Amino acid sequence: MPRSNTTIGWLMAAPLTAVLAAFLVLPIIMIVIVSFWGATEFSIYPAFEFDNYRFLFGSAVTWQVFGTTFRYALITWALTLGIGFTVAYFLAFHVRTLTMQITLALICTVPFWTSNIIRMISWVPFLGRNGIANQSLLSMGIIDQPLEWLLFSDFSVLLTFVHINTFFMIVPILNTMLRIDKSLVEAARDGGASGLQILTNVIIPLTKPGIMIGTIFVLTLVMGDFVTVRFMSGSQSANVGRLISNDVGLLQYPSAAATSVVLLCTVLIIVAGLLRLVDIRKEL
Amino acid sequence: MSKPRISYTRRSLLKGAATFTAASTLGAPMIWAQDIKDVTLRQFGTGVSNLNDVAVKVKEDLGFTLEMTALDSDAVTQRAATQPESFDIADIEYWICKKVWPTGNLQAMDTSKIKLFDKISPVFTTGKLTPESVVAQGTAPSTVGFISEPGSTEFAKEVTGWMTLIPTIYNADTLGIRPDLIGRPIESWAELLNPEFKGKASILDISSIGIMDMAMVCEAMGEIKYADKGNMTTEEIDKTIAIFTEAKKAGQFRAFWKSFDESVNLMASGEVVIQSMWSPAITAVKAQGIPCVYQPLKEGYRSWGGGLGLSAKLEGIALDAAYEYINWYISGWVGGYLMRQGYYSAVPETSKEFMDANEWGYWYEGKAATADIVSPTGQKLAGAGDTRDGGSYMDRMGAVACWNSVMDENQYMVRKWNEFIAA
């Protein structure tokens with residue numbers, strides 16, 4: 001009875017569709033609509049004007065801020081990928097028992113027992129001019145002046161981004177690695193492949209879906225962030241998220257909405273590009 | 001209700017509760033004919049003066065209920081301008097008054113109904129603390145404090161019988177410094193950009209106040225002469241931001257702060273030795289046993305002030321209650337409470353009865369304390385022999401160079417400010 005199967009299929013999908021429509025699609029449509037509205041100093045009014053976008057694309061700051069956002073995202077991506085891949089590789093291929101693998105993977109989640117903000121802020125006293133890092137280096141005689149660039153700099157922003165986001169890279173990569181059939185690695189070794197060749201010809205191609213999912217997580221998290229950048233740069237640098245939060249603070253909702261739309265489109269284009277590289281559905 | 005077997009349904013209970021609530025908040029004046037004790041006044045404002053202790057004391061002294069809502073200053077402005085039905089009393093800053101008054105959502109106060117009107121500090125009436133003083137730049141309270149007749153949306157240039165806001169809290173702000181880490185006297189706003197403090201300076205990242213601090217610095221350096229720091233032209237804004245952008249790129253600033261706590265941490269940890277600061281933040285640093293001075297500077301202070309405004313919708317018994325509240329507010333108890341936190345009140349003399357001689361001498365007269373100075377919450381703020389930074393009321397309020405304000409070119413300024421942060 002194909003007809004009733006279709007009906008059942010639709011019915012089963014309906015609740016999720018309704019939830020997504022109400023809480024995801026509708027708000028986004030609202031944001032798009034508001035981005036064409038106008039604003040006075042203390043109110044917003046319905047209109048259809050392109051002023052918000054005109055100002056956004058006409059300002060050098062926008063380009064600069066988008067540049068910074070991409071820079072943070074790219075560097076964080078490269079570092080989290082490097083660390084995440086290494087950790088996952090260790091867990092999947094060097095740790096022998098399943099119990100140990102699970103234990104170690106759970107240890108990776110320990111930092112998530114506190115809030116994001118606390119993990120971030122706790123770097124401040126550590127990296128400060130009179131912080132633990134500088135004190136230790138001074139007492140070991142490695143430096144004779146406190147290092148100023150440790151805190152309130154691009155360094156501290158990136159350090160925190162990597163710290164907070166590496167886990168999102170570890171989990172999907174580990175997940176795909178654990179599904180790799182060990183006999184493939186053995187076959188490669190029997191065929192005379194070196195360790196490096198096994199890595200590049202067997203493991204990396206088979207881990208691609210995990211890398212892609214991790215990449216999407218990290219890129220979207222970093223590009224949408226504003227708190228990390230504000231606190232760790234001491235408010236001295238800006239990314240797109242801060243631009244939006246500044247506008248919201250000054251009650252310029254239409255302008256904030258326009259910036260959000262542009263950011264959303266940028267991220268969607270990147271994700272669409274990534275998905276073209278790997279067919280996640282097929283690989284999973 | 002006295003029956004032993006209780007059998008109301010949930011619906012009937014809810015109904016009863018609803019009727020009861022309605023009677024206690026709305027119906028009361030109709031039923032008990034003009035009894036002021038049943039009035040509820042809804043006040044909203046910024047956190048600084050929305051003190052729960054005040055609401056409790058109002059109930060005790062005057063009998064009616066004061067409901068307080070604390071919002072940030074942007075939200076306060078928006079609400080005062082767009083939702084006149086949502087409040088009876090607006091606790092707003094004078095620069096917000098300048099923005100909001102033209103909307104007609106507030107009504108002027110008849111000064112003949114304000115008993116202590118003659119005693120209100122001249123800062124808020126003529127604008128001149130002493131007859132020789134000059135009215136400071138920016139949105140000085142005296143320039144937006146009066147209108148010529150009820151209903152007018154234009155401010156009067158002189159004292160009239162109709163007042164827009166009754167002043168509540170005000171203070172004079174300056175730079176905070178760490179004297180132990182600087183080790184020499186600091187006398188000018190220009191020191192904020194002195195290369196000596198490279199990587200150890202900070203400014204607040206709140207555009208409307210930050211731009212004023214910047215202007216104080218640029219003028220002190222002799223780089224720019226402003227016609228009115230509180231209302232800059234676009235060229236003046238460009239020049240000011242350019243000077244600070246250059247300093248930022250040269251690494252002058254350690255960080256910018258946006259919240260009170262951030263300013264305390266920057267100073268207490270020694271990351272910063274000179275920065276824009278607010279008075280209670282200095283107190284918080286000192287409370288940790290770290291030396292910190294609210295440094296008086298020769299160019300003067302940047303001052304701010306708030307006041308109570310009456311909603312245009314307020315009438316009848318509620319309006320009478322509001323006048324009673326205002327008269328009570330300036331009669332001394334609140335003033336004493338505020339002055340012990342380092343703020344000033346509209347009629348300083350009335351606060352004297354509510355403070356001891358030591359407190360009055362320290363906070364108002366600028367005399368050395370004869371015993372420990374304690375905050376309203378019980379923290380020790382100063383010991384015997386200490387004097388207040390900047391001295392007496394006359395010394396501090398007499399040296400105000402400009403008031404917090406809103407510029408005609410506000411939106412332009414905000415955009416430039418964002419560029420500065422992103423630079």
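Which strand of chain B do 3 bridges join to E15(B), and do the two run parallel or antiparallel? In this predicted model, the partner is strand E18 (residues 400–403) of chain B, and E15(B) and E18(B) run parallel. Within this pair, Ser303(B) is set opposite Trp403(B) of E18(B).

Strand E15 covers residues 301–311 of chain B, and 11 of its 11 residues are buried, so the strand is largely enclosed by the rest of the structure. Strand E9 (residues 166–173) of chain B is paired with E15(B) in the antiparallel sense through 6 bridges, and Asn171(B) has Trp304(B) of E15(B) opposite it. Strand E3 (residues 89–93) of chain B is also antiparallel to E15(B), with 5 bridges between them. The residue of E15(B) that bridges to Asp91(B) is Leu308(B). Strand E4 (residues 106–107) of chain B contributes 2 bridges to E15(B), again in an antiparallel arrangement; here Leu106(B) faces Ser311(B) of E15(B).

The domain assignment for chain B gives domain 1 (35–171 + 303–353), domain 2 (175–299 + 392–422) and domain 3 (359–389). For domain 1 and domain 3 of chain B, the distance between C-alpha centres is 27 Å. Their contact involves 6 residues from domain 1 of chain B and 6 residues from domain 3 of chain B. On the domain 1 side of this contact, 3 residues are nonpolar, 1 is polar and 2 are charged.

Lys198(B) sits in the loop that links helix H5 (179–182) to strand E11 (201–204) of chain B. When neighbours within four places in sequence are set aside, the contacts of Lys198(B) are Gly251(B) and Gln252(B). The C-alpha atom of Lys198(B) is 8.2 Å from that of Ala250(B), although the two residues are 52 residues apart along the chain.

Chain A contains 14 helices and 2 strands. Its C-alpha trace extends over about 80 × 70 × 35 Å along the principal axes. Of the 284 residues in chain A, 29% are buried. Among contacts in chain A with a separation of 6 or more, 71% are between residues 24 or more positions apart.

Buried residues of H3(A) include Val65(A), Tyr72(A), Thr80(A), Phe85(A) and Leu91(A). The cover over the buried residues of H3(A) includes helix H4 (98–108), helix H8 (154–179), helix H10 (195–224) and H12 of chain A, together with helix H15 (410–422) of chain B.

The contact between the two chains draws 20 residues from chain A and 23 residues from chain B.

Two loop residues of chain A were noted for their backbone angles. Most residues other than glycine have a negative phi. Phe152(A), which is not glycine, has a positive phi near 55°. Phe152(A) belongs to the loop between helix H7 (132–139) and H8 of chain A, and is classed as buried because 28 C-beta neighbours lie inside 10 Å. Ser235(A), likewise a residue other than glycine, has a positive phi near 60°. The loop that holds Ser235(A) runs between helix H11 (227–232) and H12 of chain A. Ser235(A) has 22 other C-beta atoms within 10 Å and is therefore buried.

Methods: Residues numbered from 1 in each chain as written. Chains lettered and ligands numbered in written order. Predicted model: local features only at pLDDT ≥ 70, side-chain atom pairs only at ≥ 80, totals over all residues. Contact = placed C-beta atoms within 7 Å. Helix = DSSP H or I, 4+ residues; strand = E, 2+ residues; numbered from the N terminus. Buried ≥ 20, exposed ≤ 12 C-beta atoms within 10 Å, placed from the backbone. Domains from an automatic or database assignment. Nonpolar A, V, L, I, M, F, W, Y, C, P; charged D, E, K, R; others polar. Pairing = 2+ DSSP bridges.
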